[in-house]
Every structure is written in structure tokens, then in C-alpha cells.
Amino acid sequence: MIQRRTLFRLKIIAALLIIVIALAALGHWLVHTADAQRSGSLRLKNLQQEVQVYFDAWGVPHIDARNDLDAYRALGYLHAQDRLFQMDLLRRVGGGRLSELFGQESYATDKFFRTLGISRHARQYAQYLRENADKPHVQLILAYQDGINQYIDQGRIPVEYRLLLTRPDHFSPEDIAHVMGYMAYSFAEAFRTDALIDHVRGTLGERHAQELLPGLPDTSPSRSARILPGQTDTPLAPLLDQLAQVQSYLPVGQFHGSNAWAVSGQLSASGKPLLANDPHIGFAVPAVWYEAHIRTPEHEVYGHFLAGLPFPLLGHTPHHAWGLTMLMNDEIDFYREQVNPDNPMQVRVGNRWQDLEVHEEVIKVRNKEDRLIRLRSSRHGPIINDDLVLASQAEGATPTPPVSLFWTFLTPGSDSTEAFYRYSRATSIAEFEAAAALHWSPGLNVIYADVDDNIAMWATGRLKRWPLSNNSFTLLDGANRQHDFLGYQPFASNPRLVNPPSGYLYNANSPYPGNNPRRALPGYYAPAERAERLEALLAGGEKFDFSRFKAMQLDSHRAHALAMIKDALPLLDNGLFAEKQRTLADAARQLLTDWDGNFQAGSAAALIYQRWEDNLMEALFADELGEHYSHFRDTFMARKSLASLYWKPASPWWDNRQQPSMDGRQASIEQAWVRTLESLSDALGNDPQKWTWDQLASLQHKHPLADKLPLGGRLNSERVAINGTTGSLNNMVFNLGGAQYDVIAGPSTRRLIDLAEPAASLGISPMGQSGNPLDRHYADQAQLFAQGNYRAQLFDWLGIQALPDRLVLKPRRRK
């Protein structure tokens with residue numbers, strides 16, 4: 001007979017087994033009830049005819065339809081099947097609706113994006129779509145959204161909604177503008193750069209600002225934004241803290257730059273143009289781009305689609321291919337408004353007062369009461385610091401001047417979807433250029449190549465007439481009519497390169513080549529080293545093929561880093577260290593002496609250099625910038641300024657305000673070297689040979705729910721070592737200030753297209769097609785990506801129609 005104590009233990013074990021089995025069953029139900037359907041058939045409303053969808057070995061859908069409307073309705077359904085949660089998050093960020101999912105923690109982020117005015121613009125844009133419902137691109141937008149909404153109604157709900165105990169709501173025409181608004185915001189370097197420069201001008205003076213921005217136009221208008229009595233900072237400074245807070249809560253990646261280049265047939269082994277593109281965007285789960293191939297009697301395109309947008313931003317057809325980089329133009333101006341002392345609801349315009357507009361919006365917060373917010377705007381645009389303005393008025397403190405935002409994206413009539421629609425339908429370079437002329441915002445470089453041996457690059461987007469309304473880098477005077485927006489220049493005046501004599505063109509978020517300063521487009525360009533590396537590799541004179549293009553996309557060399565460290569080596573003297581540390585210092589110095597400038601996983605010199613550069617930047621800028629140094633160090637401006645000021649020993653930035661005994665360039669270089677060896681030996685031991693790049697630099701793709709749910713970290717990808725660094729062509733972007741170099745952004749795809757055979761194009765995704773964590777296509781490309789490999793992008797319909805996975809979409813019978 002079983003003893004009572006044993007029986008009790010058996011009951012406990014049985015109960016635990018039941019709980020484990022129940023949890024396993026729940027987990028299986030949560031995930032597998034969201035499985036994608038890639039075979040068989042299903043019915044969709046509003047289809048005119050059957051649509052055949054073939055799925056390749058990577059889960060990419062190849063859609064064969066008899067008309068465009070059916071194709072894009074199918075695309076919406078399939079895109080939602082794989083990426084609905086991602087699509088939902090992207091529109092919620094731009095629309096200021098994250099709090100509906102995540103509660104109070106996202107309220108500040110939502111309020112910030114509402115303050116930018118994206119939601120108001122989205123309502124205007126939706127009205128524009130309704131008024132132009134007969135236009136072909138508008139019809140396809142609505143068909144695509146109908147496909148998304150049909151999946152929401154009849155498809156399998158993604159696991160994220162089950163974990164959050166909620167459901168998605170339908171997509172609306174406004175959501176196209178919400179997605180585009182977030183993309184435009186993500187591209188706008190001015191949000192951080194202008195605030196920092198305004199702070200430097202106001203607290204340190206004009207010389208410090210000019211040194212920080214080499215080439216700052218002399219024609220910039222005079223500034224009226226100076227610190228007032230009783231103020232300790234400039235009006236934009238609080239925006240920096242706000243941006244940092246918003247950034248920490250964003251569940252989707254931001255755009256960080258891109259590489260793209262093309263060579264004509266005279267330089268290619270195939271005799272036709274080659275095109276390469278790798279946009280640099282924040283890494284996330286799932287990956288940014290959704291790949292799909294569409295064929296109808298009207299057109300055919302293999303495209304890379306952004307969540308929520310129906311037209312590919314990157315793509316190729318049997319006739320041509322195109323890629324994108326960020327133009328880095330200035331789409332934003334900040335205006336300091338002068339408030340009427342007798343009426344805080346008025347600001348000065350010339351010699352009169354003008355009323356501010358008031359807008360009310362409701363932010364829904366999960367498990368909380370709805371929040372009503374009141375936003376104000378001037379003739380220039382929304383007031384972005386209204387909370388601080390109203391608080392200072394209420395407390396009777398020194399008034400905080402309102403700062404309004406002018407942003408090209410918010411211009412009435414702004415629309416870029418028609419340009420994207422027309423890119424894949426162009427049948428000549430002239431038609432493609434006409435499509436490029438339709439693009440509004442954000443500013444983009446479009447790199448183009450076609451089977452007729454044309455290569456070209458256009459700066460697209462509405463460019464402001466300058467200099468008085470462009471690239472201001474700080475506050476303009478809202479009352480001064482001379483600082484008013486002057487309109488946009490015609491597209492014909494935008495920079496471009498068409499069939500250059502060199503036979504190649506390239507862009508790495510760099511200015512267009514040219515020696516005429518009057519034609520130069522001011523902007524927030526990336527440091528020059530990627531562009532200079534591309535120029536050097538493309539000017540080599542040999543014929544190009546995919547193997548050479550692959551090596552370029554995977555290149556980890558930093559010539560600027562090599563030049564800086566070779567210049568600094570004579571100053572890295574052992575006398576800086578105690579006797580027992582000199583052997584270590586000798587070994588570290590020798591590693592740098594022998595370094596080739598490449599950031600490979602096993603390189604010790606790469607890690608030593610990177611830590612020295614970090615410490616040198618801090619020694620150069622931290623004492624002047626104080627609490628704002630953390631906002632500055634991860635900007636393009638910081639890296640450009642370091643590369644420039646390193647060679648200017650007389651710059652006031654070398655003065656050390658906190659430790660005058662450490663003044664000067666040499667002292668800063670030496671101080672950075674000492675701190676480098678101390679920190680690396682503390683972290684990794686006393687053998688510099690073991691201080692390899694892969695010890696501290698790694699990549700992990702993070703899921704939006706990783707930090708929001710228990711065990712959410714299991715949705716992240718495996719952490720892998722990386723080759724490349726911030727600033728190399730294989731651009732692996734990380735923030736500074738931490739003990740490790742956790743990569744946050746990089747190539748969101750790598751694409752190679754040979755116009756001699758578009759069906760042989762190559763690409764790779766950092767993760768995979770699916771957003772379902774247990775789908776076989778969730779991360780099936782991650783290892784290939786990390787190892788620098790590529791896969792085929794199927795374009796040949798004989799091979800496609802032989803694929804085993806085929807889904808038939810049939811019209812739903814009317815009842």
C-alpha cells in the first residue's frame with residue numbers, strides 16, 4: 001500500500017506535469033495557430049479572378065495575377081500574414097498610438113509624435129486619397145489595405161496579440177501617411193543636430209559652432225536665438241532629452257544611412273550595368289524589408305516593401321533596377337516665436353500679432369482613461385515645446401519661447417506613393433526620371449540602372465530654396481519675414497548624375513560631386529569615409545562582377561581610422577604608464593603599428609583603436625557639452641567633427657575646461673590612450689592579443705516585446721560576432737558609452753543586380769520573411785547574413801512555377 005507521504009508527492013508531481021503540459025499546449029496554440037498558409041486555397045472578397053502565389057525556399061511570395069488590383073489585394077493579405085504586428089507597430093509609431101498596446105510607458109512617445117503633426121497631416125492625406133480615388137495608384141493602395149483588413153478579419157492572429165491579450169484594428173488610408181511620417185522623421189537628422197548646434201551657439205559661442213560644423217554656409221541668416229537673462233540653456237535643449245526618451249521606447253528601427261553604387265556596361269564583366277544597394281536601418285525582429293515578386297499583364301517587379309506601404313521602395317524589373325540612399329537634405333527649420341506679452345495665444349509676424357491655432361487630440365492609453373491633449377501651431381507649423389512654454393507661463397518663471405517646426409513632409413499635398421508606384425512601371429530612363437520628380441519627402445537619392453546601358457542617380461524630394469530657408473542648423477526668427485519659407489525649387493534643379501563619363505556612380509549619404517559651391521546642396525551628410533572608400537574601389541580600372549561587388553559590401557576597412565592612429569603612434573609613449581604596465585602597453589602599441597585598418601572579428605588592433613577613438617572623442621567634447629555629450633556622441637556630426645578637428649590642434653575644443661592641465665591635442669591623445677589600456681585590461685585581462693573585436697562587438701536582433709513581457713527575450717535572435725564597424729562599407733552601427741559595442745543598425749538587405757540577367761539577382765535578409773517566431777522562415781537567413789553570404793532572388797517563372805508551395809486565392813462568392 002502506498003504511504004500517505006508518497007501519495008502526496010506523487011500528486012504534486014502529477015500536478016506539476018499537468019501544468020507543464022498545459023503550458024506547452026498553450027505555447028503551441030499561441031504560436032502555431034498563427035502559422036502562415038502557403039499551400040492549398042483560400043477565398044478573398046473583391047477579387048476579380050484567381051491569383052496564383054508560389055512560395056520559394058525562403059518564403060518569398062511570387063504573385064501571378066491577371067490584373068493589378070487582384071495582385072495588390074493579394075499582396076496586402078500575404079504581407080499581413082507574415083508581418084501584421086510589424087505593420088501595426090509602424091503605423092502606430094507615426095500616428096502616436098503605441099499606448100493603446102503598451103499602456104502608460106508609451107504615452108510620452110505618442111505625445112511627441114502627435115506634437116509633430118503627423119496625425120493631422122494623415123487626416124488631410126486620407127481626404128486627398130478619397131478625392132483622387134480614381135487614380136491608379138490610389139486604387140492599388142486601397143486594394144492593398146483591403147487585403148490587410150481581410151487577413152485581420154479571417155486570418156490567424158499573430159502570437160504578439162495573443163500575448164498582449166488584444167487584437168489589431170483595421171488599416172485606414174490615414175495609416176499610409178503614418179508610416180511615411182515615421183520614415184520621414186527617422187531620416188531627419190535635424191531633430192538632433194539643430195538642437196545641439198543651437199545649444200553650442202548659445203552657450204559656447206560662434207567659433208565653437210563653426211569648428212563643429214566645417215563648411216557651415218556663410219550665407220546662413222543671422223540668429224536671434226540667444227540665452228535670455230535667467231535662462232541656463234537654449235530653447236531647443238530640452239528637445240534632446242525628449243528625443244533620447246522617445247528613442248529608448250521605439251519598438252521599430254530607425255534609418256541610419258545607406259550605400260548604393262552602379263557601374264555601366266563598359267566597366268562590368270557582363271557588358272551590362274551592375275547595381276548594388278544596402279540601406280542601413282535599425283536591426284529588429286522581424287527584418288525591415290518584406291520581399292515579394294508580382295507579375296500582371298500591366299507590369300512585373302521583384303520588390304522590397306516597407307511594412308504598410310504597397311509599392312516597393314527597392315526593386316528590379318526585366319528592364320531596370322533601382323536602390324535608395326538617404327539624401328541628407330534639410331527638410332526642417334525651427335522658428336523661435338515671439339509671444340505677445342498681453343496675449344499668450346498670439347505671436348509676432350512682422351509688425352503685427354497673429355493668433356496661434358489650437359488642435360485637440362485624444363490619446364488612448366491601455367487600462368487608463370483617455371488623455372485629451374491640446375496642441376498649438378503657428379504659421380510655420382506645430383509648436384514642439386508647448387509643455388515647457390505653458391509651464392513657464394503658469395509658474396511666472398522666465399518665459400520659455402515657443403519653438404515651431406517647419407517640415408517639408410507636412411506640406412499640404414505632400415505625397416510620395418505615386419513616385420514609388422511609377423518606379424516599377426517605367427519603360428525608359430525618361431519615364432523613371434518623371435516618376436522620381438513626383439517624390440516629396442523624405443529626401444532620397446535614387447540610383448538607377450537599365451538594360452539600355454544607362455546608369456543614373458537623382459536627388460529626389462522637394463528641396464527648399466536656400467540659403468535663407470535651408471540648412472539653418474539652429475533657430476530662425478519666427479517674426480522676421482526675411483526668414484520665411486521661400487518655396488521649393490523645381491525638380492530640374494535637383495542634383496543628379498546621368499551616365500557619367502567615369503562609367504560609375506555611388507552614394508554613401510554623401511554630397512554630389514562637383515566643384516561649384518553655388519550648386520552644392522547643404523545637408524546633414526554622413527562622414528566622408530564610406531564615400532571615399534567607394535570612390536577608391538570603383539576607380540580601380542578593373543572589370544566588375546558580383547564577386548567584386550560582394551567584397552565591397554562586406555568591406556570592413558576604415559582609412560580614416562588608420563590615418564589617425566598612425567599619426568598618434570609617436571605620442572603613445574610608455575612613459576605614460578607605471579613600470580609594471582609597460583609590457584602591456586608595448587604589446588598594444590605594436591598591434592596598432594601592424595594594423596591594416598580592417599575591423600574583422602579576430603582583430604585585436606580594431607578593438608584597441610575603437611576604444612581609443614571613443615576616449616578621444618570624450619576628451620575632446622565632453623567637458624564643453626556636459627550633460628548633452630550623451631546626445632552628441634552618436635550623431636553623424638560627432639564623427640565628422642572628430643575626423644576634422646583631429647587635424648586642427650588650435651581648435652578651442654581641445655581646451656579642457658574641467659582639467660586645464662590636460663589642455664591641448666597631445667594631452668587628449670595621451671589621456672585617451674591611458675584610459676583605453678586601463679579599461680580593456682580591466683575588462684579582458686592583461687594580454688592585448690586576446691582583446692579581439694568579437695569580444696565586445698556583436699549583433700542581436702531584438703523583438704519589440706523583448707523588454708515588455710516575461711521571457712520576451714526568447715523572441716530575440718541569437719547573438720553573433722560581426723565584421724565591420726560604424727563607418728566601414730559593411731556599416732555596423734553601435735552607440736557609444738557602454739562597455740560593449742552592441743550593434744543597433746546596419747545593412748537591412750544586401751542586393752546585387754546584373755542587368756545582363758535580372759533573373760540572376762542576389763540578396764539577403766538579416767533575419768527572414770516571417771514574423772512568426774516558430775515559422776521556418778523567421779530567421780532562416782540570419783546565419784547566411786552574418787557570414788556574408790547571399791541567396792538568389794527568383795525571377796524566372798519556369799523555375800517559380802515548379803515550386804512545391806503554391807497557394808491559390810479565389811474570389812469569394814457573393815451571397
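This is a short walk through one predicted chain, from its overall form to a few single residues.

The model is predicted, so local features need pLDDT of at least 70 and side-chain atom pairs count only at pLDDT 80 or more, while totals for chains, interfaces and linings use all residues. Residues are numbered from 1 along each chain as its sequence is written, and side-chain values use heavy atoms, with hydrogens and water left out.

Start with the whole chain. Its secondary structure comes to 25 helices and 29 strands. Both are DSSP runs, numbered from the N terminus: helices are H or I with at least four residues, strands are E with at least two. The C-alpha atoms fill a box of roughly 80 × 80 × 75 Å along the principal axes. A compact globule of 815 residues would have a radius of gyration near 28 Å, and the chain agrees because it has 28 Å. That radius is taken over C-alpha atoms, and the globule rule is 2.2 Å times the number of residues to the power 0.38.

Now look inside. Buried residues make up 61% of the 815. Buried means under 20% relative accessible area, exposed means over 50%, and partly exposed lies in between (1.4 Å probe, protein chains only). A contact means heavy atoms within 4.5 Å. Of the contacts with a separation of 6 or more, 72% are between residues 24 or more positions apart.

Leu 212 gives an example. This residue sits in helix α10, residues 206-212. Leu 212 is buried because its relative accessibility is 2%. Leu 645 is 433 residues away from Leu 212 in sequence, yet their C-alpha atoms are 8.1 Å apart. Beyond its neighbours within four places in sequence, Leu 212 touches residues including Ile 197, Phe 621 and Trp 653.

Next comes a strand. Ser 698 lies in β22, residues 697-699. At 7% relative accessible area, Ser 698 is buried too. Its side chain makes a polar contact with the side chain of Arg 719, at 2.9 Å. Such a contact is a pair of N or O atoms within 3.5 Å; within protein, one must be able to donate a hydrogen and the other to accept it, and residues adjacent in sequence count only if both atoms are side-chain atoms.

Finish in the loops. A cis peptide bond joins Val 285 and Pro 286, with omega about -5 degrees. Pro 286 is in the loop between β5 and β6. Asp 453 is not a glycine, but has a positive phi of about 70 degrees. Asp 453 is partly exposed, at 32% relative accessibility.
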